[in-house]
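Work through the exercises below with the sequence and the 3D view open. Try each task before reading its solution.

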Amino acid sequence: MATEVALSASNTDNTIHVWDIRSGSSLFSFKQSMSPKGGLTMVPKPGASFEIGSIVTAQTDRANLNVYQWQRDQVLHKMNTAEKMVSVASSHQGQYLAAATASGKVYLWHIPTGHLMRVFEAHYRRITRLAFSNDDATLLTASEDAAVNVWLLAHLINPVSAEGYEDITARPAPLYSWSDHTLPVTDIYIGNGTLSGARVCTASLDHTVKLWDLATGQLLTTFLFPKAVSSVMMDPSETTIFAACEDKIYSIDLYKSRQDQSYKISTTESLGGMSRVESVGIKSTTTSNKENKVPSLGSVFVGHTGPIHSLTLSFDGTILISGAEDGNCIVWDVLSRQPLRKFESHKGPVSFVACFLRPIELHPDAATQIITPMPWKQLKRAMPTAEEEHRDASMQVVQNTEMDLARHQQLVESGPLYSSIATELQSVHKAADKIRDMKTDDSSASLQNQVNALQAELIRLNEHHVKSKSLHNEMYTIVVDKFMDERRNKRKLEQEDEEEEDDDEEEEEEEDEE
């Protein structure tokens, strides 16, 4: 049975904890890691986006990335980087790893080969958050310069100059650049869907959360909160936004029910749209609500004693988990907004928390199974040459080889579905049927027939060899004779030229004497 676990990390406590969200019991831990907010990412196994294969963390005190896997609690790989990274993110297919610096620079690696695909200036101040869209078509970067940039991953991998030619030195241009925030952007959340249909939430210290359409780049709605927003996310159905403001969490329903008095029916309409501003948790000052002072929108989760840094939801959206400066992770029931339990094993502020399916390596019967760890290569510090790129690409480890081979074999044996195209093994099956028809019940007679067939084949091959040898000798003789004749004629001509030169010299001498 698939169960869910949570992973939480701190920027001062050097232990990463993995624990059960239903019971709060600790299941596993990783040592020697202190990562800032946004400085940890979970890398899915290639071809299995719901299976976490590795954990990558940026360190607060040194310029390297630590890679962890479920086989051991210590650092598996230490990837030295050219600069100290402050934020990391992995693509959903486990193919690319992006890391950002305090100066606004972004590094992009190809995980299977370790190649550094691109280094570019994305912002002019510290990058606070990196995120890939669900289809891995775009990379989003948020910064303290109050901007959010959307980059097409294809343009980063294969950069193109203004003239349309491939040019690795060309500076990439973002697909969109959102600069509507007035203070540093603290968090990004990308909803479900592809580039043509996803929605994006951005949170900022300017007390707002902005909802964007990734397809058009247009601002849909601005939500105004009473305090600075440090973290934001949406539920799986994308009908509710959760935003952390200092030590409180606000939930906003994006759809509300309205009673139509004319037809006596209830209708549902979306909140905001057309760049409207909606106030959340701010008491109304209108005349009608002046006496009651009722907040306009939003429900509140109260329980932390310090600023909240990270939010995550369970797969069904019924459980919310928050990590805060007070060192606690609180598990909330979304419907009742009541805390269910606390995880208090951290000795410092919680900078990251995420919920995911329990890895197969942490199941009780994992010792009886053969589990192949996710392959990693050392991340390069410089761009690869064409020879290195070609060589390393040919040495990639293909995941799920056995499963892919079985599927291919099934397709080959049965032929393409709903198609009149003959299967690739049809000729093999025909040959097998002919051999089966040639077989007799008497095994000795069958063996004698095979011996006779082999002898006849041997005689045929010997005759062919004799013919080939005689043809070769004939060709050799012709070529050699022709070569020798040409050589003799050449020598004869040279001798005649020499004799003529001697005669000319003698005649000249006689003339001189006279």
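Helices (H or I, at least four residues) and strands (E, at least two) are DSSP runs, numbered from the N terminus. The model is predicted: local features need pLDDT of at least 70, side-chain atom pairs count only at pLDDT 80 or more, and totals for chains, interfaces and linings use all residues. Residues are numbered from 1 along each chain as its sequence is written, and side-chain values use heavy atoms, with hydrogens and water left out.

**Exercise 1.** Locate Met274 and His207, and state whether each is buried, partly exposed or exposed.

Solution. Step 1: Met274 lies in the loop between strand E24 (265-270) and strand E25 (276-279). Its phi is positive, about 60°, although Met274 is not a glycine. Step 2: buried means under 20% relative accessible area, exposed over 50%, and partly exposed in between (1.4 Å probe, protein chains only). Met274 has 80% relative accessibility, so it counts as exposed. Step 3: His207 lies in the loop between strand E17 (199-204) and strand E18 (208-213). His207 is not a glycine either, yet has a positive phi of about 75°. With a relative accessible area of 30%, His207 is partly exposed.

**Exercise 2.** Describe the ring pair of Trp19 and Phe343.

Solution. Step 1: a pair of aromatic rings is described by the distance of the centres and the angle of the planes. Rings of Phe, Tyr and Trp (its six-membered ring) pair if their centres lie within 6.5 Å; planes under 30 degrees apart count as stacked, over 60 as edge-to-face and the rest as tilted. Step 2: the whole structure holds 14 aromatic pairs. In the pair of Trp19 and Phe343, the centres are 4.6 Å apart and the planes are at 5°, so the pair is stacked. Step 3: Trp19 is in strand E2 (residues 15-20) and Phe343 in strand E30 (residues 338-343), so the pair ties together parts that are 324 residues apart in sequence. Step 4: Trp19 is buried at 0% relative accessibility, and Phe343 is buried at 3%.

**Exercise 3.** Classify the pair of Phe50 and Phe315.

Solution. Step 1: the ring centres of Phe50 and Phe315 are 6.0 Å apart and the planes are at 50°, so the pair is tilted. Step 2: Phe50 lies in strand E5 (residues 48-58) and Phe315 in the loop between strand E27 (308-313) and strand E28 (319-324). Step 3: Phe50 is exposed at 55% relative accessibility, whereas Phe315 is partly exposed with a relative accessible area of 39%.
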